[in-house]
Amino acid sequence: MLRNNDCGSSKLPSVAVIGAGIAGLWQAYTLAYRGYPVHLIDRAKNPFGKAASSFAGAMLAPFCERETAPHIVQDLGLRSLDIWRATFPGVISNGTLVVAHPGDRSELIRFSRLTEGHRTLSADELAKMEPDLARRFHTGLFYAEEGHVDPAAAASFLLSAIRRLGARVSFGHDASDDNADHVIDCRGMGASQDVSALRGVRGERLIIQNPLISLKRPIRFLHPRSPLYVVPWDMGTYMIGATVIESDEQGPVTLRSALDLLATAYALHPAFGDARIVGIDAGVRPAFPDNVPRIMACGRRIVVNGLYRHGFLLAPVLAELVADYLAGHAVLSPVITEE
């Protein structure tokens, strides 16, 4: 991205960004980088405390998401991946590996037909890539261009960058008294009373530790009953997730979901049976009926919402689209609507 501190001869308008989840962080960062006076506001007293993105696996996987998402998500995701790599030095670009047990090979074939950007691995190639999975899987799909980030590290980086760029940041603050020229609403489910089509999709996860297992990239394990993904973090820590529950109910993980996640993780590798569970929690992600995000402009207010399970993947490109829109550039995107 190029920094733009000048918009003709006039001063750039002020912008209030409401909500400091991953969508709001990218909006604030992108606009501050382009020279806008930005005020980032969140009702939570602590950074990332209540945002749905704090529960994310933070996989940057535009090709794999094509399994269930429309093509626009892949197209936008590829642009976002470029922005992530140009901005955040902590992007881990080891690709994504998709595997299934030999008896579930049909699941792997189905996944390959629905997605692009992969090559099929032999057993030897798979063993070389992920030695701890050697002899457990005969083949796999490798998406070399994909990556992932540590969600907490990425959010902290963006927040620090926003402050360095001179933006105001207010936690534990009500945005109703802000009189900025433009207001960008990134409240996620917090905006559900104002955005009628928004629905909640609950996602549940486990955080486990086992230094005896070494995985270098996100693994998507295709299982006919309970598919899951495993994302490696530092120090032998792994995030395990899978659930997509049509519910806006907040609260702890259900026993059934926990058992499904644990059983499928054990099926991926029995050594997960010796792992320590260090976290088990759930968050509610905002989504529209088609699971595609929206940028809705109405006067001075712009709503950015409905990122579904693609928050980390799509937040950078949505911020770029909003910044271009405010700058008066022609923006041709099906995710932008004006009222």
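Analyst: Happy to! Two strands count as paired if DSSP finds at least two bridges between them. Please keep in mind that this is a predicted model.

User: With that in mind, in which sense do strand β4 and strand β6 pair?

Analyst: Strand β4 covers residues 96-99 and strand β6 covers residues 140-143. Three bridges link β4 and β6, and two would be enough to call them paired. The sense of the β4 and β6 pairing is antiparallel.

User: Which strands are the edge strands of the open sheet?

Analyst: Eight strands form this open sheet, with mixed pairing, in the order β5-β6-β4-β11-β12-β13-β10-β14. An edge strand pairs on one side only, and the edge strands here are β5 (119-121) and β14 (276-287).

User: By how many degrees are neighbouring strands of this sheet turned against each other?

Analyst: Here the value is an average over neighbouring strands, with direction ignored.

User: Let's move to Ala 287: is it buried or exposed?

Analyst: Ala 287 sits in strand β14. Its C-alpha atom is separated by 7.5 Å from that of Asn 305, 18 residues apart along the chain. The relative accessible area of Ala 287 is 0% and the cut-off for buried is under 20%, so Ala 287 is buried.

User: Now for strand β1: which residue of β9 is the bridge partner of Ile 18?

Analyst: Strand β1 (residues 15-18) has buried residues on both faces, with Val 15 and Val 17 on one side and Ala 16 and Ile 18 on the other. β1 pairs in the parallel sense over four bridges with strand β2 (residues 38-42), where Ile 41 is the partner of Ile 18. Strand β9 (residues 182-185) also pairs with β1 in the parallel sense over four bridges. In β9, the bridge partner of Ile 18 is Asp 185.

User: What is the handedness of the β-α-β unit that β1 and β2 make with helix α1?

Analyst: Helix α1 spans residues 22-33 and makes this unit together with β1 and β2. The β-α-β unit is right-handed.

User: Last one: is Leu 262 buried, partly exposed or exposed?

Analyst: Leu 262 belongs to helix α6 (residues 255-268). Together with Ile 277 and Ile 280, Leu 262 makes a nonpolar surface patch of about 250 Å². Its relative accessible area is 35%, while buried means under 20% and exposed means over 50%, so Leu 262 is partly exposed.

Conventions:
Residues are numbered from 1 along each chain as its sequence is written. This is a predicted model: local features need pLDDT of at least 70, side-chain atom pairs count only at pLDDT 80 or more; totals for chains, interfaces and linings use all residues. Side-chain values use heavy atoms; hydrogens and water are left out. Patches are made of residues with over 30% relative accessible area and no salt bridge: like charges are joined within 9 Å, nonpolar side chains (Val, Leu, Ile, Met, Phe, Trp, Tyr) within 5 Å. Accessible areas come from the Shrake-Rupley method with a 1.4 Å probe; for residues, only the protein chains shown count as cover. A salt bridge is a side-chain nitrogen of Lys or Arg within 4 Å of a carboxyl oxygen of Asp or Glu. Helices (H or I, at least four residues) and strands (E, at least two) are DSSP runs, numbered from the N terminus. Buried means under 20% relative accessible area, exposed over 50%, partly exposed in between (1.4 Å probe, protein chains only). A crossover is right-handed if, with the strands pointing away from the viewer, the path from the first strand over the helix to the second runs clockwise. Axes are lines fitted to C-alpha atoms, for helices over the stretch in contact, and angles run from 0 to 180 degrees between N-to-C directions.
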